[in-house]
Amino acid sequence: MSDDYEIIIGLEVHVQLATKTKLFCRCSTKFGAAPNTQTCPVCLGMPGSLPVMNREAFQLGLKTACALNLNVPRFTKWDRKNYYYPDLPKGYQISQFDLPMSEDGYLFISDPKQQFEAKKVGIIRAHLEEDAGKSMHDEAAGKADTRVDLNRTGTPLLEIVSQPDMRSPLEAKAYLNELKLILTYLGVSDCNMQEGSLRVDANVNLHIKNDGPKKIATPIVEIKNMNSFRAVERAIAYEATRQYDAWKEDGKTIGDAPKQTRGWDDQAQVTRPQREKEESSDYRYFPDPDLAPVITTAEEVEAVQQSLCELPLAIRERLHDGFGIPEYDADVIVNQGRVAVDYYEALALKTGDPKMASNWVQQDVLRVLKERDLEFEQFPISVERLTTLLKAIMDKEIDTTRAKDVFTQMLDSDKDAPAIMKEMGIEKVDDSAIDDLAREVLLANPKAVEDLKNGVQKAVGALIGQAKKKNPNIDPGTFRAKCMELVKDM
Amino acid sequence: MALYEASATQLLSQLESGEVTSVEVTKACLDRIRQHDSQIGAFLKVMDDKALAKAEQVDKKRKAGEPLGKLAGVPVAVKDLLCTEGEVTTCASKMLENFVPPYSSTVIKKLEEADAVIIGKTNMDEFAMGGSTENSALGKTRNPWDTSLVPGGSSGGAAACLAAQMVPLSIGTDTGGSIRQPASFCGVVGLKPTYGRVSRFGLIAFASSLDQIGPMARTAEDTALFLEAISGHDPADSTSADVACPLFSKTVDQPLEGLRIGMVKEHFGEGLDGDVEKAVREAVKVYESLGAKVVDISLPHNKYGIATYYIIAPSEASSNLARFDSAHYGHRCDEATMLAELEEEKAALTAAGDEVGLKRMDTSLIRMYRKSRAEGFGPEVKRRIMLGTYTLSAGYYDAYYLKALKVRRLIREDYDKAFKSVDLIVGPTAPNPAFAAGSKTNDPLAMYLEDLYTVTANLAGIPAISVPCGLTGSGLPVGMHMQAPALEEDRLLRAAQMFQKATDWHTKMPSL
């Protein structure tokens, strides 16, 4: 980052929609099948075959459009994007060109760590298209064979194109995180980047600050091949520095060079120019005569709008306002997905202590999930069982430190907290017993009493330690309070 | 009457009464093909064994009293661009010379359900592009009336096998007149249904928004029955019309009362052969004698029909034919030769120090596409791919393709207006009778004018029929073209039947 320029970032995100079947035929979209086993004459583009639109894919597109505040026009159509490639069996891709199914929306991004100011990122359009197949280039042993797997051809994609509204790699990452979260909450995609369900291209250039009346903009670069949000962040940061250096070197601005495509080399952490064509490609878009246009009524859009689930932004606000937990806490929980939110809400309501519930979910639950590499759905302790533990803490039957031991035991057993506490010999010590123990320990430690009287608070620690040896079940807080109270009269 | 002379309707009644068996009928057709097809060249493939097996199966079912389809036991020929599972389907192109589809088109399935006996695949212009069946890469078809003449096209084989009485029913396809013009040249009936009436699934596409499969036969009755068998909504074709299919064979005999016939003045102008004009005018008089009223109408945008068609059809074709990239099926060039040539070129350019040339050289992949397509496609197909690629390209889209779409709408509106005052529009099918083979092959524009009267029905999506209505002075058949509003095939068929009841032109067949 530099004070000498502003980075202008726009993102194109391809999202694979979570349909069981392809966009224009009934072949399965399941990932990982043996090559070319999930194909039919339609997705293979065999002569005479015809596409028929998958309604479900269109519905998922509508859902996303509503969630991203996009307008859904009444009329949309399909266009052919013509180009040759071995993994494009028809010689064209069915996409949407001038009349996409949705346009002109936005999405809010913010950072609970306050590294950038919350902002609205514009979304130009989201349109549906079919995916191409996969070419696997085998250059081993000088054979240079290319094998083509067409299982992926025809898989429904939603291409979401943002305005160039982001100004830092961090904002770009936040946009992607929020977008992914919305898509996952909606259930329209699994957003698995490893399996290619979510693919990102970034358009980046710089506005260089100068005193003159005219803005200096560097040529736009489209970065491809980024397979994680971290890679996106790094690639943009790298590209900003590279473009600034290039501008200082050659002074070329946006008018001097066409848009360039560069690939991100994750190993080397650099962007590299990709093979460029002599002339800019002409896709010869025209309306696909094999597919009827799609008419969507205002009522249909309204119905989808009504059926939308609660979205992350709204949940964050509700957790913050309704449960009084910090924005940061709300963000952490919401980012874990709907299951985590439901878990948290139930825990907060059952225990009646939303902050304590938040701490446990954020710290202990998430730690266990990470250690054990589990999804939230797989977390072994039910809300009810965790409530028994938290209640025991609230009732001072157990201190927080020992509660963590009980929590660990609960992970691998079905027992409730009281049962495990009983096994471990943990029970609430009544007030008179604490009173007796405090007197006993104080009498045995005149030096400590003296220190306490003189305001040396830490002296109580040793006393708690001694008391715990005599009775491990005492609540340290209660014991400390009792000691302080007794010392006053000594 | 010999079995091969009988219409499908006659054959069905004979089959039902047990006078003949389907095996006998099929054998009669196969014999006729065997005897005469070496002169005509209507068939690319005759499926003797399969046809006989099907005929036998139908005979057995009939004997056992089992329910049978609408065309039970009747032989049908199919234009070789309908994918037929397990059978080579070539589109008369070298590109698909060895292509065996693993699926059948909807129309083939419907014919099978109707218990028709599919007897063979007929010749055509390559990828249905042409008006004379001279563009077939796999052989020439001749006109049975005079083998020095063309049968018309692109459904030339489909029309010729009917005229040669090799088969009573034949499937054609029509993108700009490809059913009606050969029907006219060969003296048979050909109907282009409303766009969407017959499923296009499995039809190897030429221009998707114009292509339509249709029935060809020797009588209006047969045409009605045949259309009934192949029509209907198909969920596998999203452009197929979701409407009920009328029982055309039940209404075909009902004459049309108070019929208003529209005649387009421009259809009888320059370029129309005198004999053709005479025959059509006579035919209209027949209708008048049957009580019809003739109304002069105008279709002002009809004159842009050919221009519009030759923008839209090649545009779609350029894209539809992109799938023939030789990567997954179809003709592929000899790769070793191709790679060797590429190396040679590279060496030459390197030796010459031609940096620009080297940079512009094909990759082996691009060269494979180029060479395979250059070898696999014939000249007319290439011409249209180039035309379409040009008219769709970024700088020209608005000037050509978009403009053509607008004119197409105006043409459609002309028809809407015209059909407010008339029931049918009647005129010549083609500007001339069958012409001599080779006479137009070097003049593509002259060939394109063959579609002068027929293309607008495709642009408007309306149904149209060609019915034999006379003979020229030299004894060649002339076709009368009738057009009706969308989904009014019923009207066309009834009008055709009225005419055939009053005349005997449809019974005139060439002697072989």
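The legends below describe close-up views of a predicted model.

**View 1. The contact between chain B and chain A.** The contact draws 39 residues from chain B and 32 residues from chain A. Between them the two chains bury about 2800 Å², and 58% of that area is on carbon and sulfur atoms. On the chain B side, B:S238, B:R323 and B:H328 lose the most area to chain A, and together they account for 21% of what that side buries. The size of an interface is often given as the accessible area lost when the parts come together.

View 2. In the pair formed by B:R200 and A:D290, the closest N and O atoms are 3.1 Å apart. A:D290 and B:R200 are both buried. Side chains of opposite charge can pair when their charged atoms come close.

**View 3. The salt bridge between A:D79 and A:K77.** These two residues of chain A pair with their closest N and O atoms 2.3 Å apart. A:D79 and A:K77 are each buried. Over all chains, the count of salt bridges comes to 63.

View 4. A:D331 pairs with A:R316 in a salt bridge, and 2.8 Å separates the closest N and O atoms. A network of salt bridges with shared partners joins A:E310, A:R318, A:R338, A:D342 and A:E345.

**View 5. Helix α2 against helix α5 in chain A.** Helix α2(A), residues 169–186, packs with α5(A) at an angle of about 95°, and the axes are 9 Å apart. The two helices, α2(A) and α5(A), are therefore roughly perpendicular to each other. From α2(A) the contact uses A:E178, A:L181, A:I182 and A:Y185, and from α5(A) it uses A:P312, A:L313, A:I315 and A:R316. The residues of this contact comprise 6 nonpolar, no polar and 2 charged.

**View 6. Helix α5 against helix α7 in chain A.** Here α5(A) packs with helix α7 (residues 338–351) at an angle of about 10°, with the axes 12 Å apart. With that angle, α5(A) is roughly parallel to α7(A). The residues in contact are A:I315, A:R318, A:L319 and A:F323 of α5(A), together with A:R338, A:V341, A:Y344, A:E345, A:A348 and A:L349 of α7(A). By type, the residues of this contact are 7 nonpolar, no polar and 3 charged.

**View 7. The surroundings of A:W360.** A:W360 is placed in helix α8 (residues 354–372) of chain A. Its relative accessibility is 4%, so A:W360 counts as buried. Apart from neighbours within four places in sequence, A:W360 is in contact with A:V365, A:L386, A:L389, A:L390, A:I393, A:A403, A:K404 and A:F407. A:Y344 and A:W360 are 16 residues apart in sequence, and their C-alpha atoms are 9.2 Å apart in space.

Definitions and conventions: Residues are numbered from 1 along each chain as its sequence is written. Chains are lettered from A and ligands numbered from 1 in the order in which they are written. This is a predicted model: local features need pLDDT of at least 70, side-chain atom pairs count only at pLDDT 80 or more; totals for chains, interfaces and linings use all residues. Side-chain values use heavy atoms; hydrogens and water are left out. A salt bridge is a side-chain nitrogen of Lys or Arg within 4 Å of a carboxyl oxygen of Asp or Glu. Buried means under 20% relative accessible area, exposed over 50%, partly exposed in between (1.4 Å probe, protein chains only). Axes are lines fitted to C-alpha atoms, for helices over the stretch in contact, and angles run from 0 to 180 degrees between N-to-C directions. Helices (H or I, at least four residues) and strands (E, at least two) are DSSP runs, numbered from the N terminus. Angles under 35 degrees count as roughly parallel, over 145 as roughly antiparallel, 65 to 115 as roughly perpendicular and the rest as oblique. Contact means heavy atoms within 4.5 Å. Ala, Val, Leu, Ile, Met, Phe, Trp, Tyr, Cys and Pro count as nonpolar, Asp, Glu, Lys and Arg as charged, and the others, Gly among them, as polar. Buried area is the accessible area (1.4 Å probe) that two parts lose on being put together, summed over both.
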